[in-house]
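Visitor: Hi, could you walk me through this one? I'd like to go a few residues at a time.
Guide: Happy to, let's bring it up.
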Amino acid sequence: MNKGYSVKISGTGSCLPSNVVTNFDLEKIMNTTDEWIRSRTGIESRRIADEKTATSDLSTVAARRALEDANLNAEDVDLIIVATITPDMMFPSTACIVQKNIGASKAAAFDIEAACSGFLYALSIGEQFIKGGVYKNALIIGAETLSKIMDWEDRNTSVVFGDGAGAVVIKKTTESGGILSSCLGADGSKGDVLTQPAGGSRIPATHGSIKDKLHYIKMEGNEVFRFAVRIMGKAAVEALKLSNIKLEDIDFLIPHQANIRIIEAAAKRLNLSKDKVYMNLDKYGNMSAASVPVALDEASKKGLLKKEDIVVLVAFGGGLTWASTVVKWSK
Ligand code: UT7
């Protein structure tokens, strides 16, 4: 399959809504405290999209920024994949809306859904298309407006999530490095612990489903937490094994930004000091599929990632799903 070339990340971009909602703002509307949220999660504030802003709007801006960073025109994009659990609508796909917005008229476009692991699933799919010789350039986006499916009366969920979008351009290259390996996984038998029950074919929208609040995120936080602590480190180790990279060779970990305690557990499993782990959940909370690409974009733009650095991206989420990708940074 590999015909002497690899797939590299050549540009990154992100977009966050301007509206900042702090823990203190939440104290005013629900029975919670800044102290509880900060000590249990590490989150201090999150960005929340306004009524008019949909996932494709944030995706479009993130995509344009990634294209600019990669020095690529929209007409040169062969494929757009958007990973999201909050698409603008059931169909057409958010990717098709982005394709229209940015003018990527030659690109195939589709959405995928693997919840918080979605961006890394999409990255792996895009990589396969390029490695297989089908496409040269792909735009991979992780984007969410989770606030649209959040119950502001449910303190179990509404304090942890936020909105945002991140994008990367990946391209075929003859240079060595780029994406070295990926490990994707799922355990559907545990899917009940994190769901949006209604709005699909099982429970279509009815007055009853709305009255029963079935269109909102439902989460058994403890169960997800236990799963996450176990799987983050494990997924990263498996992806590292596939590319024969040792733990001591990791330069940077960019984890899904769900909870500081989960990230610390993963860092411990990987023997990594704090300065090698990128965190921005204090500012943005958990943005599901957008967490990893936004963090990657920030780390890249801050100059934290050096050429040839071994960067491990890892995520877990609804499904339940997990994913990890090892990259030799070559942007
Ligand atoms: O991206 C994947 C999606 N999800 C996740 O990654 C979530 C993973 N889970 C978590 O991050 C944590 O489980 C949470 C942050 C969601 C919850 O933290 P926890 O330490 O597991 O708390 P808990 O659910 O065990 O609740 C402990 C206590 C309970 O009170 P009692 O029963 O001990 O009196 C809750 O009712 O804290 C209470 N509580 C709150 N108190 C203040 C729950 N939510 C809140 C809140 N403010 N927002």
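Visitor: Is Asp-69 buried, partly exposed or exposed?
Guide: Asp-69 is partly exposed, at 26% relative accessibility. The cut-offs are under 20% relative accessible area for buried, over 50% for exposed, and partly exposed in between, with a 1.4 Å probe and protein chains only. Before we go on, this is a predicted model, where local features need pLDDT of at least 70, side-chain atom pairs count only at pLDDT 80 or more, and totals for chains, interfaces and linings use all residues. Residues are numbered from 1 along each chain as its sequence is written, and side-chain values use heavy atoms, with hydrogens and water left out.

Visitor: Thanks! Which side chain does Asp-69 meet in a salt bridge?
Guide: That of Lys-331, at 3.2 Å from N to O. Asp-69 sits in helix 3 (residues 55-70) and Lys-331 in the segment after strand 13 (321-328), so the bridge ties together parts 262 residues apart in sequence. Lys-331 is partly exposed too, with 34% relative accessibility. A salt bridge here is a side-chain nitrogen of Lys or Arg within 4 Å of a carboxyl oxygen of Asp or Glu. Helices (H or I, at least four residues) and strands (E, at least two) are DSSP runs, numbered from the N terminus.

Visitor: How many salt bridges does the structure hold?
Guide: There are 13.

Visitor: What about Glu-153, which side chain does it meet?
Guide: Glu-153 pairs with Lys-213 in a salt bridge of 2.8 Å, N to O. This pair links distant parts of the chain, 60 residues apart: Glu-153 is in the loop between strand 6 (137-145) and helix 6 (155-158), and Lys-213 in the loop between helix 7 (207-211) and strand 10 (218-219). Glu-153 is exposed at 67% relative accessibility, while Lys-213 is partly exposed at 27%.

Visitor: And where do Arg-226 and Glu-223 lie?
Guide: Both are in helix 8 (residues 221-242), three residues apart, which is about one turn of the helix. Arg-226 is exposed, with a relative accessible area of 52%, and Glu-223 is partly exposed, with 34%.

Visitor: New topic: how many disulfides does the structure hold?
Guide: Zero, where a disulfide is a pair of cysteine sulfur atoms within 2.5 Å. As for individual cysteines, Cys-96 is partly exposed, with a relative accessible area of 33%, and Cys-116 is buried at 9% relative accessibility.

Visitor: OK, and Ala-83, is that buried or exposed?
Guide: Buried, at 0% relative accessibility. Ala-83 is in strand 4 (residues 79-83), and its C-alpha atom is 8.8 Å from that of Cys-116, 33 residues apart along the chain. Leaving out residues up to four places away in sequence, Ala-83 touches several others, including Ile-112, Phe-119 and Ala-289. Contact means heavy atoms within 4.5 Å.

Visitor: Last one, the ligand: which residues are the closest?
Guide: Thr-32, Cys-116, His-256, Asn-259 and Asn-286, out of 21 residues that surround the ligand. Those 21 each have a heavy atom within 4 Å of the ligand.

Visitor: What does the side chain of Thr-32 have at 2.6 Å?
Guide: An N or O atom in the side chain of Thr-32 is 2.6 Å from a nitrogen atom of the ligand. In the side chain of Arg-40, an N or O atom is 2.9 Å from a ligand oxygen atom, and a polar side-chain atom of Arg-261 lies 3.0 Å from an oxygen atom of the ligand.

Terms used:
Polar contact = N/O pair within 3.5 Å; in protein donor to acceptor, adjacent residues only side chain to side chain.
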